[in-house]
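The points follow the model shown here.

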Amino acid sequence: NGAALPLAVRLTASSLLKHPAWSVHIGLDGMPAATLLEIAGRLGVQAPAALAVEGKLTGGFEFDSAAAPHGAIEWQEATLKIGGAGPYKQTAPDPTAPDQKVAPARLALEGTKLTLESLELSGPGGGTGALSGEWDFASGAVQATASVNKLPIDDLNAALKAFPEMSSPAPLERCGAGDLEGDLKVERTAGATQEDAAAVRWSAA
């Protein structure tokens, strides 16, 4: 008995000769996150080249001739690295609280919009943060929010160098050291090109 594959595909079809109808279910059971990113790239959904991910994905997506794509997956043991920043790992349970459990991050697909629900991360320097956001891969619109605690400013600047159109706000670019604490939000409008820095708006609290 071999080990179960981390990917299962089920295709159903009907009325092929008159009014074709079809649906495809893609199920993931422990698939490496990096593998899904590679598959998405081959299908034309390009993630930023500087983005590296690790962890395991479980859940499924539905593609239907009569409805928009939809579904959701859980991202367990998540690790995120962007350019020269990180790696940031999903916050581990407190060893002094054996009953504490860390909920996996959830990624939901609805049409062309991919939503990341809150992902709690810890950085190599001890900083922590909660990341959430939406990406419409058809229009290019992006909205992301990070609630950070002791996030090194140079880590943020290093990550944003991977996105020429999302350069750091001027006050942060001038800071060579220090930590950030609070909420950061960045938005990119639909239809913006990668060189269009004017389409990116930052806010903080």
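1. Gly71 stands opposite Leu109 in strand β6. This β6 strand (residues 105-110) is joined to β4 by 6 bridges, and the two run antiparallel. Strands pair here if DSSP finds at least two bridges between them; strands (E, at least two residues) and helices (H or I, at least four residues) are DSSP runs, numbered from the N terminus.

2. The model is predicted: local features need pLDDT of at least 70 and side-chain atom pairs count only at pLDDT 80 or more, while totals for chains, interfaces and linings use all residues. Residues are numbered from 1 along each chain as its sequence is written, and side-chain values use heavy atoms, with hydrogens and water left out.

3. Strand β4 (residues 67-82) also runs antiparallel to β3 (residues 51-64), with 12 bridges between them. Within this pairing, Glu62 has His70 of β4 as its bridge partner. The two strands form a hairpin with 2 residues between them.

4. Antiparallel pairing likewise links β4 to β5 (residues 85-90), through 3 bridges. Ile82 has Ala85 in β5 as its bridge partner. The β4 and β5 hairpin has 2 residues between the strands, and Gly83 in this hairpin takes a positive phi near 55°.

5. Helix α2 (residues 153-160) is largely enclosed by the rest of the structure, because 6 of its 8 residues are buried. Buried means under 20% relative accessible area, exposed over 50% and partly exposed in between, with a 1.4 Å probe and protein chains only. The buried residues of α2 are Ile153, Asp155, Leu156, Asn157, Ala159 and Leu160.
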